[in-house]
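Take a look at the model below. This report then walks through its packing, its rings and its ligand surroundings.

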Amino acid sequence: MIDKALMPEGVERCSLGRFLAWLGFIGLFLAWGLYGAFRILSSGLGVTGLDNYFGFGLWITFDLAVIGLGAGAFFSGFLRYIIRIDQLKNIINLAVIVGFLCYSGAMIILTLDIGQPIRAWFGYWHPNVHSMLTEVIFCITCYCMVLIIEYLPIIFENRKLNEIRFLHHMAHNLHVYMPLFAGVGTFLSFFHQGSLGGMYGVLFGRPFVFREGFFIWPWTFFLFIASAIASGPAFTMLVAKFMELLTGKKLVDFSTKVLMGKIAGLLLCFYMFFKILDTWAWAQGILPNMGLTFDQMFNSELGYGTWLLWLELGICGVLPAILLVVPAFRNRPALLYSAAILNCLGVVVNRFVFTVQALAIPVMPFDTWQYYIPNWAEWSTTLMIVAYSFLILSLSYRYLPVFPQERKLNA
Amino acid sequence: MQAHTFHIKWGMVIDIDKCTGCGACMVACQAENNVAPVTEASNKLRTLSWMLVYQLSNKQDFPNHDVAYLPRPCMQCGHPSCSTVCPVVATTKDEEGGIVSQVYPRCIGCRYCMAACPYHARYFNWHDPVWPEGLDKVLTPFTSVRPRGVVEKCTFCHHRWMAAKEKARHEGHDPSHLAEDAYIPACVDICPTGAMHFGDLLNPEHEVHKLSKSPYAFRLLEKLGTDPQVYYYSKREWVRRQGDNYLKHEKTKGE
Ligand code: SF4
Ligand code: SF4
């Protein structure tokens, strides 16, 4: 293997040929996505499946979902560096990389999603302080920078790069300041996770998502934070497991995964308690005040049936919460992973209904239900981000010391 | 939420019982405001129509079946759900007269305002405008054409207001006290049945002021709290009922 010198010491990696074949496979999706992005940027959003009803669609759902799932980074960082749960050092590097991928991916999609990408900087230059989206734009950018700062020392620990004295020292110094960045990241992330939810909660023209709340913050502000920190650790843990399956190596010991599951489970209980209360208050208070009923919010013919709500709250909410908090369940690998998958799925369903179903529901009494199907342009660019994540993860796994336990576990 | 108060509040009262659904207002609006015709107009969810006429039905069988037509411009909401969410202040309600503005060169096309507006009054330019041969020569010089990627909407033909004020100044009148017919949007101007009325809702001399106070006047989705500056008028109870989401036991306005 000619790239052996670049790999972390004492670990086994597949042959370069095999690795390149894998990158080639990923490259297919990247190429398709780049073609989609080119078409979108050159001909406009008319090539997508979005329309006047669905200004938000697959992209925004994807953005919200990955940002929610990427919360593993800030929350694990918070627990590792501020609360000082030492065991999390086994998975913190991965959490940072996953967080970076989720946020940078979301930013790429957002740039494609706006109609005037060249004006993207207007968000910083002409901010509307009343808009939750302004807060999101600022926070996501700042937090993405924090994630880059957190990712850099991992990159500098590459065997070859670390031989360069300057990079070696820089990595060391960055490590020393990591609690500070973890703190800043926690603060920033907390706010934009909330603002993403707040973005919907303030839409008083959309009774499905509108929520009253606390000062200027609607309840969705807090619910989005809670759901993100409940699913983020579960997602990071699943990525670790998925990488183990792909590589055939043990990367993180089971007890760390169980710990991540436990953290996710406790937070999921907290989230579900408030989410169920919120749903009840919404159905009993907000809807009737606006002259609407619970049944009017759902339409099974077009696929927006109440089953989505039960899936989100029951199968992907209460069930995984129980499985993750009861030690007897979470200590069984099959149950731990299934619960983590359900937990992550729940947050995706939540972001989907807030984005798509909210727009599908007719608000004017004489209007009709609409449905939305994303087309190839949206899928290709979304899959491009998934492929981009696979690419960065693959390169990181091969050339960077991501998993401190790898050598010991595979000895 | 910030509340704006103005001395002038431009508003419309549309008499649904008079509207025949002829669509003249839609055409006038399209021509006046340089609304680009889309190449693929069969997809109604991609067309641009600042003024859109909805067909309402009382959903009863013949012979009791009844229909009504409801023209829908931008409501220029007193408490707009669209402008507070715009991240770049491309749309605001801060001008005397209470018209919600839309600044095209500022809009980044995030479409958050479209998600916010319950009336679907906002339109996104999915494609660059293509004017049929020769039409580009007869575009209204007072309204800018929009590139793809920005959101647009009805502005109550704001340029006509500018022109009316200009004229008043020229003639030595007070531009902030325009006569009732000095400023009228294109749709109201063309309506052949006289179903549309336009004026200052706060000025007792204007017809709209009186009409808006009628027990048969209602606004769309009042319960949401958008406080629209467009009123509708109908003596038919089922029409008023469809103006907002009434629960079964609730009484309709004007009953
Ligand atoms: S009708 Fe819609 S676009 Fe017009 S002011 Fe109201 S919320 Fe804004
Ligand atoms: S689409 Fe334009 S006007 Fe609408 S919220 Fe975004 S930037 Fe503002």
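Which residues of the largest nonpolar core touch the most other members? They are A:L94 and B:Y112, in a core of 202 residues. The model is predicted, and every value here is computed from it.

**The cores**

Helix α13 of chain A gives the most to this core, with 13 residues. A second, separate core has seven residues, including B:V13, B:A217, B:Y231 and B:Y233.

Now back to A:L94. Leaving aside residues up to four places away in sequence, A:L94 touches A:T236, A:V239, A:A240, A:M243, A:L393, A:V402 and A:F403.

**The rings**

Over all chains there are 41 aromatic pairs. One of them joins A:F224 and A:F354. This pair is edge-to-face, with 5.5 Å from centre to centre and 75° between the planes. A:F224 lies in helix α9 (residues 219-247) of chain A and A:F354 in helix α13 (residues 333-360) of chain A, so the pair ties together parts that are 130 residues apart in sequence. A:F224 and A:F354 are both buried.

Ring pairs also build a cluster. Its members are A:F56, A:Y200, A:F208, A:F224, A:W282, A:F294, A:F298, A:F354 and B:Y112.

| Charged residue | Ring | Distance to ring centre |
|---|---|---|
| A:R351 | A:F224 | 3.9 Å |
| B:K165 | B:W161 | 3.8 Å |

**A buried methionine**

Where does A:M364 sit? It is in the loop between α13 and α14 (376-399) of chain A. Is A:M364 buried or exposed? A:M364 is buried, because its relative accessible area is 1%, and under 20% counts as buried. A:M364 touches residues of chain B: B:Y54, B:P118, B:Y119, B:H120, B:L220 and B:L221, not counting residues up to four places away in sequence. A:G205 is 159 residues from A:M364 in sequence, yet the C-alpha atoms of the two are 10.0 Å apart in space.

**The ligands**

Which residues surround ligand 1? They are B:C74, B:M75, B:Q76, B:C77, B:S81, B:C82, B:V100, B:C117, B:Y119, B:A121, B:R122 and B:K153. Eight are nonpolar, two polar and two charged. B:Y119 belongs to this shell and also touches A:M364.

Ligand 2 is surrounded by 13 residues. The closest are B:C86, B:C107, B:C110, B:R111 and B:C113. By class, the shell of ligand 2 holds nine nonpolar, three polar and one charged residues.

Note on methods
Residues are numbered from 1 along each chain as its sequence is written. Chains are lettered from A and ligands numbered from 1 in the order in which they are written. This is a predicted model: local features need pLDDT of at least 70, side-chain atom pairs count only at pLDDT 80 or more; totals for chains, interfaces and linings use all residues. Side-chain values use heavy atoms; hydrogens and water are left out. A residue is near a molecule or strand if one of its heavy atoms lies within 4 Å of it. Ala, Val, Leu, Ile, Met, Phe, Trp, Tyr, Cys and Pro count as nonpolar, Asp, Glu, Lys and Arg as charged, and the others, Gly among them, as polar. Rings of Phe, Tyr and Trp (its six-membered ring) pair if their centres lie within 6.5 Å; planes under 30 degrees apart count as stacked, over 60 as edge-to-face and the rest as tilted. Helices (H or I, at least four residues) and strands (E, at least two) are DSSP runs, numbered from the N terminus. Buried means under 20% relative accessible area, exposed over 50%, partly exposed in between (1.4 Å probe, protein chains only). A charge sits over a ring if NZ of Lys or CZ of Arg is within 6 Å of the ring centre and within 35 degrees of the ring normal. Contact means heavy atoms within 4.5 Å. A nonpolar core is a set of buried Ala, Val, Leu, Ile, Met, Phe, Trp, Tyr and Cys residues joined through side-chain atoms within 4.5 Å.
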